[in-house]
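Try each task first, then follow the solution step by step.

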Amino acid sequence: MEKFESYLASLEQDFQPSRTRDAMFYSLLAGGKRVRPRLLFELLKGYGQSEEFGYPCAAAIEMIHTYSLIHDDLPAMDNDTLRRGRKTCHIAFDEATAILAGDALLTQAFQVVLRSTCTNDIKVGLVTLLSQYAGIDGMILGQTYDMEAEQASMLSIEQLEEVHRHKTGKLLTLPLLCAALLSNHLEDIDLLKQIGDDIGLSFQIQDDIMDVIATQEELGKSTSDEKNHKVTYVSLLGIEQAQSLCDQYYERAIQMLDQIHADTIGLRTFLQKLMVRRN
């Protein structure tokens, strides 16, 4: 992933120097697991494409993901102070600058994805996917549900899943769909939506478990769910049952890979690594 990290860093030179630009790249280049780019790259390779072919799209998705984290951490949202092992953006800079940095990352993501070396029709498709999966009926809807859930005394498991199908799952499904579109394998789109949905739910359950059993230092981010009185998979099911459900979703996603029109060895291996992640 070093080449991709260099690609991300090179984007900074495209914009005029400013405090907002500094805040954007402070958060974008802070590391992280880069799960979304990895999902895109592994499926692209399965379709016979190179990782580099997906760099603009992966960068755009990572920019959108980073913007969402910056805004999630704000006092009006989760009010967190630690992200990716360093101060959150609004703590390192200030709240107004963090808001602008998030706005800028979201806006510039659409410019970056248009650098993809593909037909104009596919570029329109990529922009459409980014808008749908990050927007008002995608990730934003999940964040809305999440805030509403903080006011609820109890949620059902079905309601909690609906929160995280959008808040977490949409941006984990997006790279899979983009890989299929870039590779002209639209026949896999519906199945990839199901796979992404299962990956998203598994990933969120893992986060809920680690929020309880790991320290902030181990996670590199604040453990704020209990502080914010959030209903989680652990609070509903307990750790053991939550882990069992997490494994079921991952295993179902891996099984569905057999139906994809691609060599899925790399993607399968990556998902198996995600199953045992500890941060």
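Before you start, note that this is a predicted model: local features need pLDDT of at least 70, side-chain atom pairs count only at pLDDT 80 or more, and totals for chains, interfaces and linings use all residues. Residues are numbered from 1 along each chain as its sequence is written, and side-chain values use heavy atoms, with hydrogens and water left out.

**Exercise 1. Describe the overall build of the chain.**

Step 1. Begin with secondary structure, where helices (H or I, at least four residues) and strands (E, at least two) are DSSP runs numbered from the N terminus. The chain has 15 helices and two strands.

Step 2. Turn to the radius of gyration, which is taken over C-alpha atoms and compared with the globule rule, 2.2 Å times the number of residues to the power 0.38. The chain comes out at 18 Å, close to the 19 Å that the rule gives for 279 residues, so it is as compact as a globular protein of that length.

Step 3. Of the 279 residues, 57% are buried.

**Exercise 2. Find the salt bridges and say what they join.**

Step 1. Apply the criterion: a side-chain nitrogen of Lys or Arg within 4 Å of a carboxyl oxygen of Asp or Glu. The structure holds 20 such salt bridges.

Step 2. Look at Lys3 and Glu52, whose closest N and O atoms are 2.7 Å apart. Lys3 belongs to helix α1 and Glu52 to the loop between α3 (35-46) and α4, so the bridge ties together parts that are 49 residues apart in sequence. Lys3 is exposed at 54%, while Glu52 is partly exposed at 36%.

Step 3. Now take Arg34 and Glu62, with closest N and O atoms 2.8 Å apart. Is this pair's Arg34 buried or exposed? Arg34 is buried, with a relative accessible area of 4%, and Glu62 is buried too, at 1%.

Step 4. Finish with the network in which shared partners join Asp72, Asp78, Asp146, Lys167 and Lys230.

**Exercise 3. Which backbone angles deserve a second look?**

Step 1. Recall that most residues other than glycine have a negative phi.

Step 2. Arg84 has a positive phi of about 55°; this residue is in the loop between β1 (82-83) and β2 (86-87) and is buried at 18%.

Step 3. Asn184 has a positive phi near 60°; this residue is in the loop between α10 (169-182) and α11 (189-213) and is exposed at 56%.

Definitions and conventions. Buried means under 20% relative accessible area, exposed over 50%, partly exposed in between (1.4 Å probe, protein chains only).
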